[in-house]
Amino acid sequence: MEDRQQEKTTCDILPNLLSSFVDTFVDFSVSGLFLPRQNSQTTISNSSNLHKTYYPPPDRLIAIGDLHGDLEKSKQALRLAGLIDRNDCWSGGSTTVVQIGDVLDRGGEELKILYFLEKLKRQAVKSGGQLITMNGNHEIMNVEGDFRYVTREGLEEFSNWAYWYSAGNKMKSLCDGLEKPKDPFLGIPSSFLGMPDELHPAIRARIAALQPNGPIARRFLSNNLTALVVGESVFVHGGLLESHVSYGLEKINEEVRNWINGLMGGSAPRFCRGRNAVVWLRKFSDEVAQNCDCSLLEHVLDTIPGVKRMIMGHTIQKIGINGVCDDRAIRIDVGMSEGCGNGLPQVLEINKNSEIRVLPLKPMYQNNHKAFMDADGMKGPDFLTQDHRPKQVEVKA
């Protein structure tokens, strides 16, 4: 009797084991990484932390700008801050890391970066650290089906994903104990007016993956935040206005998450659309310091208790990471992606005493876009007030 019960229990869990194996196989085929599905209890525990909007100040905080489909530059930025080792595994200990958004578009390794960041998130938690990812305007655009900045290589990567994802679903459909997988391609056109015929399958794959409740959108992007407060810093891809704060940062995060999960229709929430949207605003990120509205910024920051500065990406800073408005606006998008400026990676570091420094990638020489690091970062004023940089743009220690 006991043997029969054990046999029944084994048979009951076989379908789920098969599903997990297939998912892991697909992940490896797409990204080269093994990312076993987490059990439901772990997922519930992690989701409560993933969706927090407010965090206390950590001992060490690192902020990383736009990555735009460049996996190698992404790894260089992480290494610059000592966050990954030679094997590309988490080595940041209890560090809190914020990636400000715009992983998608302009490069051909978007999925590989999403998978890589997910791997690091899991490893960071085990070491007492955390990696928080955010939505940029390019995540919002892609979920809406706006592919203006997609590269041919990016389309090919999603075409490869579609092949393996469909193969995985076919494997699962052969198992009687599994629910029939949902077809993410259902209802998506097979051709697209004005686009070369050879690109139609790849465009269809990208729509299927990234549409609201699409497999990639749901798995990766739905866990992104759109506004975030860590200690004395508020993070946002474009910028915040008083109207955004009064609407509620937690509410903004919840509504964007619900939209990406397919619970709110096809169009992005209103505060993600238009030039004054949280992911599009440029009032505080103009490269010319005098064009930044410091008075408006001060009013916005005064509405968020305990916050002294706004940290944002979105607008490429050719001079590197810098601060304006008495360092109350810090801009960290250095255009590091090869497809979007090909700048040298830099990251922002804030320690527990609220001291800020920029960790630059200072090449001794460069060859074929490979940079060689000087391990020493330079504190704000010493680094940002060199002769070739505008005197009014400083980040003070």
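**View 1. Ser233 stands opposite Arg309 in strand E7.**
The model is predicted: local features need pLDDT of at least 70 and side-chain atom pairs pLDDT 80 or more, while totals for chains, interfaces and linings take in all residues. Residues are numbered from 1 along each chain as its sequence is written, and side-chain values use heavy atoms, leaving out hydrogens and water. Strand E6 (residues 233-236) and strand E7 (residues 309-312) run parallel and are joined by three bridges. Helices (H or I, at least four residues) and strands (E, at least two) are DSSP runs numbered from the N terminus.

**View 2. E6 and E7 belong to an open sheet of six strands.**
Reading across, the order is E1-E5-E6-E7-E9-E8, with mixed pairing; two strands pair if DSSP finds at least two bridges between them. Strand E1 (54-55) and strand E8 (322-324) are the edges, each pairing on one side only. Two helices lie over these strands. Helix H11 (residues 294-302) lies across E6, E7 and strand E9 (329-331), at about 105° to E7. The angles run from 0 to 180 degrees between N-to-C directions of axes fitted to C-alpha atoms, for helices over the stretch in contact (contact: heavy atoms within 4.5 Å).

**View 3. Helix H3 (residues 71-80) is mostly covered.**
Eight of the ten residues in H3 are buried, meaning under 20% relative accessible area, with exposed being over 50% and partly exposed in between (1.4 Å probe, protein chains only).

**View 4. Strand E3 (residues 96-99) runs parallel to E2.**
Four bridges join E2 and E3, and Ile64 stands opposite Gln99 in E3. Thr96 and Val98 point one way from E3, Val97 and Gln99 the other way, and all are buried.

**View 5. Leu18, Phe21, Phe25 and Met171 make a nonpolar surface patch of about 340 Å².**
Helix H1 (residues 2-31) gives the largest share, three residues. Phe21 is found in H1 and counts as exposed because its relative accessibility is 55%. Patch residues have over 30% relative accessible area and no salt bridge, with like charges joined within 9 Å and nonpolar side chains (Val, Leu, Ile, Met, Phe, Trp, Tyr) within 5 Å. A salt bridge puts a side-chain nitrogen of Lys or Arg within 4 Å of a carboxyl oxygen of Asp or Glu. Areas come from the Shrake-Rupley method with a 1.4 Å probe; for residues, only the protein chains shown count as cover.

**View 6. Asn213 and Asp327 are loop residues with positive phi.**
Asn213 is in the loop between helix H7 (200-210) and helix H8 (215-219), with phi near 70°. Asn213 counts as partly exposed because its relative accessible area is 24%. Asp327, in the loop between E8 and E9, has phi near 65°. With a relative accessible area of 12%, Asp327 is buried. Most residues other than glycine have a negative phi.
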